[in-house]
Amino acid sequence: MSIVRPFRATDLFKFNNINLDVWTETYGIGFYLNYLSRWPDLCCVQEAPSGRMQGYVIGKAEGTGAEWHGHVTALTVAPEYRRLSLGRKMMGLLEMVSDEIYKGFFVDLYVRCANKVAIGMYEGLGYSVYRRVREYYGSLGLGAGGRDEEDAFDMRKPLSRDPHRRSVRSNGRDVVVSAREVS
Amino acid sequence: MSAAALDRQIRPIYDALDTGSNKSAILACNKLLKKHPNLDLLKALKALAYVRSQKVEESLVICDEVLAAKPTDDATLSAMTHVLRGLGRHTDLIKMFEEALKQEPQNEELAAQTFFANVRTGSWKAAQLIATKMHKQFQEVRYIYWNVICAILQANDAATPPNMRTLLYKLAHRLVTSSPTPSYVSADRFYLHLVILRELQLFDEANTLLESDVGKSICATSLLCDELRREIWRMRGLFQEEGQRARQRIIESKDRNWLEFVSVLDAAFPPASSASNGQNGVSAETAGETRDFLAGIAEQDGIRDRSAHLALLELERRSRDHGLSKDPTKLVGLLEKYFRMFGDKACCFEDLQPHMLLDGDDLSRWTTFLESQTSSFVDVPSIQRVINVHKMLRYNLAASQITAELEKTRAAQYMKDYFSGLPLGNDLPDTELQPADALAILTAQAYLSVWKLTGHEAQLYNAAVVLEYALGRSKHAFQMRLLLIQIYRLLGAATLALEHYRSMNVKQVQNDTLSHLILARASTFSTASTGDLTFATECLESSQIYMSNSQETSDFIVRAFTQEKYSMIPDFIAFEDRLDNSLQRDLVKVEHVRMRVTHEQINSELIDMELIELKFIFDRFHHDNRDLDIVLNYQPRVQDTVYNQTLLFDKTPGLGWLWIFLKVYIRALQQASDVDDTVEDKLLIGDRPKQSNDPENKLPLKERLAKRKQEELDELTEDELRFMNYATAMADWLQPYHDYVRPPPAAVLAEASKQTELRTGRPLQGVEIPELTNGSFKKDEEAPPVKDSPEILSTFFDDMKARWLEVVAGGKLPSEALHIATLTQEALILLTIETLRFKPASVVKVHKLGALVQSFKAIRTKAIAVMKEIAAELSKYAEQEGTSERRKAFVEACTGAQSSSQIDSDFVLNVAKRVTDARKKVLEGVGKGILRVCTNHA
């Protein structure tokens with residue numbers, strides 16, 4: 001439960017309680033304004049009734065032909081508002097807009113292979129691993145989680161334009177590509 | 001040579017510019033310019049390389065040459081765009097494109113660039129005219145909408161008179177309705193159309209649009225349009241209809257957006273301001289019916305969603321306010337139910353806060369309920385319940401329950417529970433927050449409350465130790481760091497505060513909203529006087545974001561036009577403006593100046609530059625973007641927030657503080673400077689910043705500088721007030737002598753021109769210098785008679801010494817001692833700034849000001865004597881901080897934090913060592929710095 005509303009440029013003045021968390025990156029102004037100036041409908045904020053920001057999602061539409069899709073660039077929830085299904089609601093909105101406005105074939109996102117909680121959540125929402133991207137999160141040496149720390153899963157969920165589920169595959173975890181090949 | 005060959009030769013210049021090799025870019029330009037001396041592109045690129053290597057005067061010459069040639073080719077225009085933006089010459093940029101467009105009126109790209117040049121400077125009227133022409137000529141519908149949004153932006157501009165505003169909206173309306181395609185072809189055009197209808201209150205037309213199938217479908221997928229729709233319905237007083245629609249969405253689409261629930265509630269209890277509409281009457285029936293609806297949803301959702309449950313609470317509260325609630329136990333009953341269902345969520349406390357403002361029987365029942373909850377630490381949800389119980393009980397404590405003893409008992413309880421809960425997080429990775437974190441924060445806040453009650457510094461130690469321990473267990477708990485920053489600043493352990501601040505990895509736009517945590521009054525802790533530029537550098541680094549803003553943001557405003565994302569444009573503009581005119585930006589600027597003058601030699605270059613910058617700031621309309629709510633507050637509601645409790649000197653510097661310090665420094669620098677307004681106008685490169693519309697800013701500068709408003713003075717500490725009075729008295733006293741001795745503008749300009757010629761080989765451009773008769777500018781009138789210095793100038797230093805003794809003897813915080821020491825030092829430096837003009841013996845002799853100079857000496861001698869005493873004491877103070885007795889005393893003071901056996905004395909000793917070392921460092925540094933300042937300003 002929370003207020004779902006559009007992401008605005010001036011929200012950058014208010015997102016500290018979300019962005020001071022270690023898992024959320026704060027980018028340059030241009031990053032946010034770039035998304036807002038192109039895909040404002042794929043960006044949204046969740047706000048508590050008190051007016052405090054709880055989380056946000058930033059997305060875009062990209063690809064050509066059958067690869068045309070919605071992409072989740074950032075999805076984040078402040079620590080004190082986790083376990084409230086906020087992420088689920090924001091994903092729902094992004095999928096709906098990707099489907100109805102952008103007419104994409106699927107929605108995709110990248111997630112650290114070590115992030116079991118997030119992967120579980122996305123699977124629950126109907127996403128599946130399409131491929132494993134090697135060293136997507138930099139190759140600064142291996143952390144405690146080994147390769148899972150720096151590799152990403154590219155996860156996808158087909159939309160109504162892909163009724164035959166051509167954009168996904170069942171053996172995605174075994175398909176490994178390098179970070180260079182994806183973008 | 002063929003065009004292709006020339007292209008090949010020019011490419012390396014671009015490469016050099018891209019990689020920041022400006023020097024080689026200049027060399028390459030020079031080489032090619034020998035062969036093509038009239039090629040504008042080469043000149044433009046050379047000017048750009050000069051701008052980027054900060055050689056402004058050199059670039060100006062070439063820049064003017066290219067502008068005079070009125071270029072029209074893309075490459076030159078694009079290079080010149082960068083040059084002119086770099087120089088801040090936006091007006092010239094517009095002119096350049098206008099000239100180019102005149103020569104090639106059929107060129108659509110040129111027209112668009114001219115339009116954008118106006119957009120970048122916010123010249124909406126001019127932009128609108130261009131858009132009109134563009135539509136006539138190129139027949140693209142989007143140009144109609146460019147025109148529309150420019151009309152709206154012009155209407156919204158604060159400088160536009162109200163009657164003009166409506167006219168502009170009417171114009172926008174006519175444009176939209178006469179467009180060959182309807183607005184609903186895109187959500188953003190539709191949005192713009194709705195904005196106009198809302199403003200003009202054309203609700204019928206809005207209704208037709210919104211009720212159409214396409215309108216409905218746009219609102220279903222666009223949050224932006226739906227937000228506007230909701231607003232329009234509310235403006236029309238359609239609370240019932242909106243409530244019905246919301247119910248439908250809640251039931252059919254399972255929408256759990258809180259806004260839908262607010263709509264349901266507003267249908268039962270319309271906001272007071274709009275209840276004039278007869279059909280919106282409040283009745284027990286509608287309230288009851290709404291309650292049944294919400295209860296049904298709550299039943300259905302159970303613990304899956306909090307919306308309906310919270311809405312029931314809100315409904316009960318509104319019913320009570322309207323005297324419609326019959327059952328007095330109902331509210332607390334709902335609170336209890338909510339707690340049972342969601343007490344294991346971290347946000348439960350925040351959810352219930354507005355509904356917990358209880359007293360009397362309600363409060364005692366609620367308190368009994370909370371107290372009856374048994375504490376369990378078996379799993380994360382149980383700890384969360386324990387935490388919520390503590391927070392909620394604490395929130396409603398009465399003033400009589402907040403004594404030092406009781407707060408200490410509470411601190412001990414919170415800490416005990418913290419350690420009971422801590423093992424649950426043992427297996428979590430380093431990167432995770434610990435579930436028991438909030439209990440450590442509660443402990444610290446209870447200690448801070450004891451500190452506030454007793455004034456015992458020891459309680460700050462206890463709070464710090466608990467937080468340091470908990471931070472060791474939960475490395476990324478930034479809420480703990482926030483409190484530690486506050487505590488360490490109070491304790492004068494500034495480097496530790498800075499360490500924690502840096503660990504939070506504050507970057508980009510966060511610098512604007514968060515740097516106040518570490519930079520408010522940071523000159524108190526700065527040892528720039530000894531050459532340690534840590535804080536001065538922090539000021540500069542945190543200010544980088546303002547450069548990025550002025551360089552980047554307008555590109556995205558332009559992008560929003562080309563992408564037709566009209567809904568974003570007003571907000572992008574607001575963002576750019578708020579950052580550009582940020583209060584924090586200029587608070588940091590002033591702090592930086594205060595640090596700079598302790599470190600650098602005071603000379604005319606420093607004086608002139610800072611004067612011009614501070615005067616610009618003085619014309620701004622400031623926005624306060626500081627995040628003052630980031631520190632979570634768990635103090636009882638009858639107390640101040642923990643952030644306010646722990647503010648350095650109990651006050652946060654804001655607009656009033658800024659205004660006073662600007663006035664003090666502008667006045668002093670203005671007197672010291674030879675650059676008066678007429679000279680400044682001629683020497684200024686680039687446009688002046690837009691003036692704010694505040695009528696007060698239209699008064700003459702002299703009058704504005706003399707003003708002292710109560711709300712401004714209220715933001716000063718007692719000692720800052722003393723400093724201000726000292727500065728004002730000095731400026732008043734010396735004004736006539738400065739005015740008499742200052743060389744006339746013509747002489748200043750002649751000198752500036754000479755200097756420019758020495759550097760660039762060409763005299764100053766565009767400035768006519770009147771002939772001076774043999775270089776002499778002695779005034780005809782007599783020098784003003786020398787008056788004695790006002791008494792306050794010497795008593796100030798006595799007062800500061802007395803204050804110093806009072807603070808040190810009174811066992812006040814070290815930060816307060818530093819405050820007095822650094823302000824006294826600032827007063828001496830200000831004396832130097834004010835008297836620099838009278839330093840050369842020839843000036844004194846020519847103007848017969850010997851007696852005046854004598855009185856400076858007396859003040860200076862007094863100042864230096866006092867400062868040396870303070871410096872000696874500071875070094876003694878610092879020495880004490882470094883002793884083992886001091887550390888031992890710290891450890892012994894932390895009885896509370898050590899009461900649980902988990903935090904051992906070694907840990908406390910380690911914190912003690914770090915705190916006392918950090919303190920020693922700043923006390924010693926400031927003391928040494930004062931001595932150095934004494935020598936430099938003797």
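Residues are numbered from 1 along each chain as its sequence is written, while chains are lettered from A and ligands numbered from 1 in the order in which they are written. Because this is a predicted model, local features need pLDDT of at least 70 and side-chain atom pairs count only at pLDDT 80 or more, whereas totals for chains, interfaces and linings use all residues.

**View 1. Confidence of the model and of chain B.** The model scores ipTM 0.95 and pTM 0.94. Chain B has a mean pLDDT of 93, and 97% of its residues reach 70 or more; pLDDT is the predictor's confidence in each residue, from 0 to 100. In residues 275-279 of chain B the pLDDT is below 50, and this stretch has 4 contacts in the model beyond near neighbours in sequence. Two residues are in contact if their C-beta atoms, placed from the backbone, lie within 7 Å.

**View 2. The fold of chain A.** Chain A contains 6 helices and 8 strands, and from the N terminus on its elements follow the order β-α-α-β-β-β-α-β-α-β-α-β-β-α. Helices (H or I, at least four residues) and strands (E, at least two) are DSSP runs, numbered from the N terminus. The C-alpha trace of chain A spans about 45 × 40 × 30 Å along its principal axes. A compact globule of 183 residues would have a radius of gyration near 16 Å, and the 16 Å of chain A agrees with this; the radius is taken over C-alpha atoms, and the globule rule is 2.2 Å times the number of residues to the power 0.38. Of the 183 residues of chain A, 49% count as buried. A residue is buried if 20 or more other C-beta atoms, placed from the backbone, lie within 10 Å of its own, exposed if 12 or fewer, and partly exposed in between. Among contacts in chain A between residues at least 6 apart in sequence, 65% join residues at least 24 apart.

**View 3. The two domains of chain A.** Chain A is divided into domain 1 (1-104) and domain 2 (108-183), with bounds that come from an automatic or database domain assignment. Their C-alpha centres lie 19 Å apart. In this chain, 12 residues of domain 1 are in contact with 9 residues of domain 2. The elements giving two or more residues to the domain 1 side are β4 (69-77) and α3 (86-100) of chain A, and α3(A) gives the most, with 6 residues. By class, this side has 3 nonpolar, 5 polar and 4 charged residues. Ala, Val, Leu, Ile, Met, Phe, Trp, Tyr, Cys and Pro count as nonpolar, Asp, Glu, Lys and Arg as charged, and the others, Gly among them, as polar.

**View 4. The side of chain B that touches chain A.** Here 48 residues of chain B are in contact with 41 residues of chain A. The elements of chain B that give two or more residues to this side are α14 (223-235), α16 (258-268), α18 (307-321), α28 (510-514), α31 (544-562) and α32 (569-580). The most comes from α31(B), with 7 residues. The residues of this side of chain B divide into 20 nonpolar, 15 polar and 13 charged.

View 5. Most residues other than glycine have a negative phi. The phi of D650(B) is positive, near 65 degrees, and D650(B) is placed in the loop between α35 (642-645) and α36 (655-672) of chain B. D650(B) counts as exposed because it has 10 C-beta neighbours inside 10 Å. K848(B), also not a glycine, has a positive phi of about 55 degrees and lies in the loop between α44 (841-846) and α45 (850-881) of chain B. With 12 other C-beta atoms within 10 Å, K848(B) is exposed.
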